Structures are given as C-alpha cells and as structure tokens.
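I opened this entry to look up how the ligand is held and how the chain is divided. My notes follow the structure.

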Amino acid sequence: MKNNAGDISGQEIVFTGLGVSHGIATGPAYLVQIDNPEAPEYALEPGQVEEETTRFETAVRQAQRDLSMLKQKSTGLPDDTAEEIGLLLDAHMAMLSRSRLTRGVRARILKDQINAEGAIAREIDSITGQFNRIKDPYIAARGEDVRNVGYRIIRILMGVPYLSLSDVPPGGIVLALEISPAETALLDPRRFAGIATVHGGVAGHTAVMARSLGLPAVLGLDRRALESLHHGAPAIVDGIGGKLILNPTQETQRHYDRRIQDLKADKAALNKLTKLPAVTTDGTEIVLRANLEIPRELDNLPTSGANGIGLFRTEFMFMNRDTVPSEDEQFETIVEIVRAMKGAPVTFRTLDIGGDKLARALGAHLDASNNPALGLRAIRLSLKEPHLLEAQFRAIMRAGYFGPVRILLPMVTTAAEIEEARLILQKCHDTLKKDKMPMADEMPPLGTMIEIPAAALAADSLATVSDFFALGTNDLIQYTVAIDRGNDQVAALYNPLNPAVLRLMEFSIQAGLRAGIPVSICGEMAADPKLTALLLGLGIREMSLGFSSLPRIKQRIRDLSLTKAEDHARYIMDQYDPDRIIQIVNTFKA
Ligand code: PEP
Ligand code: MG
C-alpha cells in the first residue's frame, strides 16, 4: 500500500474504467492485495550469490517472526479455532525452517544465478506442478500451502504488505489489481460499499457476480489508480458512468449524494412492479426468471418479481473451499433454493468450472494450459469425470421432490454430449428409484446452453435431443468475435451487437422454436434494457437475469409493443455494419 501519494494526495482525481455494475458507492477506499504480486526475476551479477542468499535468509527469519506473532494472536480465539490455526501455522513454520521449498530456493540462487524472488517463484511452480500431476484434491490443496509460504517470503523481499478483505472496515470500497469471481462471491454487499479494479471486463464473471450482488463496480481502471490511493481516502465508485473518483471535492460529493438519492427513488418506483406481469403493450407475456450464483442473493427475491430461477451457476458451490462438495452437501444448498422458490421452477446448470472460474477444490482436474477458455471445462470436464456429474444429477433430482427443477448443460458443442449426459441422468434416476430415495416422479427437463458458435450453428440438431435451450450470450459473443470477455484491454471490442453474434442467436432461437422447445436467454444481454426490443423481436419469450436488473427489464417490456419490436429486429437483421446497428438500437423508440 502506498502511503501518501505526494502531489496528488488530497486532490480530486478521476479514473475512468468500465462501469459494470449499476449503482454508486461512496466511502473510504482501501487497496487490497488479493493477488500475489508478480515476482521479479533477474540475473545476479558475478559475486552476488552470497549477498542474495543472505537476503533470502533474512526474509525467511522475518516470515518466521510474523508467523509466531500470528500464532500468539490466535491464542485469543476460541479453543478449537486456536488449535486448528495453530496446527496450520506450525506446518507453515516447518516449511520455512526445513523443506524442499527453502532448500530448492537456495540451490536455485546458487545454480541458476538468479535473485531470491525469481528463485522462489520457480521453486513454487516446480513443486505445485509435481503435486498437480498426482491429481488428488488433497495434494493440490497442499500445493496451495507451499504457494502461500513462498509468497509470504516474496512479499517480504518486495516490501509489499498483505491487506486482506477482512482488514477493510465496514462501508469501505475495495480497490485491487484484480478480484477473481470466487473472491467477489465472498463480498457481502452489506459490508462492502463497492469495488474498483484494474483488470476485468464487462462480461467476465467478476462483473456478473458484482451485478448479482448489487455491488457498484468499476473495472478496467488505469493501474495508476492503485498508486494514487491514500489509504482510507474518500472515494466514489460510479458503476454507471464507469468512474473511480479519489478525494472528491465537496461539489462532486454533493452531486453524487443527489444521484444516490435519485437511484433510491427509482428503485422504490420499480419495486412497485413486483406483482405486475411482464406483459407488452400489445398483450404478450414474457417469463422473467432470475440468475443466481449464491443462495445469499435470494434475499432479493421478494422485490424482484422473478418467476423462478432460469440459471443457477452451481460452480460457485465449488469455490472458496479445499474439497469438492459431496452429493449431500450440494443437495442441502440446492434444496434450500427449491424451497425458497415455493413451486416456481429452478434451473440448475451443471458445473461450469474453468476459464475465469477456478476452484482450488478441483485443482487437480483443472486445465492449466495457456488457453483454458478452450480447454477441459464445463460439460467436457463433467463427462470426463462422470462422478462429478452424477453427484450433481442425484442432488438435483432429490431436491426435485420439494419443487420443480430443470437441468441445464453448459458449453455443449455436439448432440452426442447431451445424449451421453442424458444416459447418465437416466442411470442416476434409476438408482435413486431403486434405493427408494424421495424425488420427483418425472425426470427433470434437460436443457442445453447455446453459447458456443458450433452449438448455435448446429442448433437444429441439438434441439432434437434437448428439452429446452438457454442462450448464453456472454460466451457466445466471446467465442464468436474471439474477444476474452474478462479482459479489460479488449473490452471495447466485446460487442453483443456484432451481426455475426445476432445471426447465430437468430438461427438458434428459430431452430428451438421450430422444434417446439422453450428458448430463453440467460446471458447479460437480457439485462440491458436497450436490447429488450431486439430480443423479443427475435422470438425470445423467456429471459433470465440478475435480480438487481429484473425490475428495470420488466418496466421496459411493459413499455414495448411486440409488433414494433419485431419490425425493429427485422430491420437490424438486415444490417451488416456493427456501428449502424448500435445507432439503431440507441435511437429506437418503443
Ligand atoms: C453465458 O455464457 O452467457 C452464461 C450465461 O454463462 P456464464 O456467464 O456463467 O458463462
Ligand atoms: Mg457461459
């Protein structure tokens, strides 16, 4: 953390970024070092080896002192917690005094003639690489311990202190280089005011998660924002305009205080729509469901007017833990959601881990290649490790006893994947029945995410083996235009209105409707009121979106004429210039 930012300290500074989560937060901002710093590596000058080894030994001794201080502090905790933490800290201390890690680093400084930080990073990679080859989640978690201890020494060497999320006082704004989707899931919006980061794109899962939690967020900021922060300085996160303002002047603060009041009034007005149907001015009713990542979001259910859950991202049940959740654990979480929905259907998507959504519990299975978005992930991983899929299928079908459930398969490319999954589903159903486990009489509908261009182009064949389609436009855009959805550097090129994307959407919607199966959209396009007319015009009658966006979209539908929406969509589908399409969308009047 930088202390005083010198000439800029105290002066208002505005950083622009990507406003990814509607809302405005004001409060003191704290730079949180969530990610480990990048360890510098450089060659040593001849004769520097001894000095570098001493630097390393001094940092190790400092780490040992820090850990024993932590251990002392932990004695104030309840007995069993203190014991648990004590054991963990002892293991880390042991690693500092005699371990492959410290031995390996000394040897690398000597042999490779590189600096201590670089030697530690290399040794961590080598140890964890070997651990990961064993493909056991317990061993993979031990690799995390090695990483932890190694980066503790690297931080000391680099002089980068560790401020964790729990150090941020209530009402604080979190500023970080990057926050992963799993870490975002841990942010309680009652405790944190907002987030601002350097890395992250509009449709990455950190953005999706922040929107779901209703946490104002600006991503893709200039790195200098991190250096300009005076610890705890007043700040504003404008998640609508995409701005982080440090040290706002009184005038700026007053302006934003007024806007916060306006937003509250808008929200109160929208909440009045809760019980009204989402029906167009010419009488077509649209089904609006909610996307859900973590059960805590269900707090928003009463005011959202959601007619069921159209997408529950089960992968979040696998994050922030060391082991894979058992079938029973998954059942407990799932049944809680089914019960809360009181008879409205809940769509559980099977594990979509991979890409930017990582879970250390699955470390041994995850694709560590350079191109994880195209690797072993989602349905591919589930079919390769069918025990993962079976536990999910069984947990979902058991929960089906308490209310209607549907199952959705992520990242499908071919009809064969759906058929294989259906056979596994049938087998799980038969065993549950044989064991007289309570579950719904009917098999749950099995749906397919259309989110890979190959799936969209083969939608007519996929429709013959699917009970419903859900369009995952977040990935469909990413894979069609070859733009990483979570990358701030290319965020401006991530364009939902690219005609190629729209054609793939139109083709798959039509294929689904021709086959007589329901087609919904659960990507973030569903949450943008500017796109509602186009989506309805293309034939969409079911949408699933984050709780926080539901009332606004319902309002939009209630203002729209379907006939005009269809004309609008036809006009757009005749265009080939993305900029022209953006212009038409922006100027469309219902
Ligand atoms: C999508 O890709 O549009 C989608 C809904 O799934 P996710 O955002 O979880 O990848
Ligand atoms: Mg997706």
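Which polar backbone atom lies 2.8 Å from an oxygen atom of ligand 1? I looked it up and found that the backbone atom belongs to Asn474. I note that the model is predicted.

I then went through the side chains. Arg485 places a polar side-chain atom 2.7 Å from an oxygen atom of ligand 1. For His205, I read 2.9 Å between an N or O atom of the side chain and an oxygen atom of ligand 1. Next I checked how much of the ligand is covered: ligand 1 taken alone exposes 280 Å², and the protein buries 100% of that. I also looked at the cavities, and the largest cavity is the space that ligand 1 takes.

I listed the shell next. Ligand 1 is surrounded by 15 residues, and the closest are Arg313, Arg349, Gly472, Asn474 and Arg485. Sorted by class, I get seven charged, five polar and three nonpolar residues in this shell.

I asked which elements supply the shell. Strand S10 (309-313) and helix H17 (473-481) each give at least two residues. Helix H17 gives the most, with three residues.

Last, I looked up the domains. Domain 1 is made of two segments, 2-29 and 165-268. Domain 2 covers 46-158, and domain 3 covers 283-587. I read a distance of 33 Å between the C-alpha centres of domain 1 and domain 2.

Conventions: Residues numbered from 1 in each chain as written. Chains lettered and ligands numbered in written order. Predicted model: local features only at pLDDT ≥ 70, side-chain atom pairs only at ≥ 80, totals over all residues. Heavy atoms only, no water. Near = heavy atom within 4 Å. Polar contact = N/O pair within 3.5 Å; in protein donor to acceptor, adjacent residues only side chain to side chain. Areas by Shrake-Rupley, 256 points an atom, 1.4 Å probe, with all protein chains shown as cover. 1 Å grid on protein atoms, 1.4 Å probe; cavity = no way out; pocket = protein on both sides within 12 Å on 5 of 7 lines; lining within 4 Å. Sits in = over half its atoms within 2 Å of the grid points. Helix = DSSP H or I, 4+ residues; strand = E, 2+ residues; numbered from the N terminus. Nonpolar A, V, L, I, M, F, W, Y, C, P; charged D, E, K, R; others polar. Domains from an automatic or database assignment.
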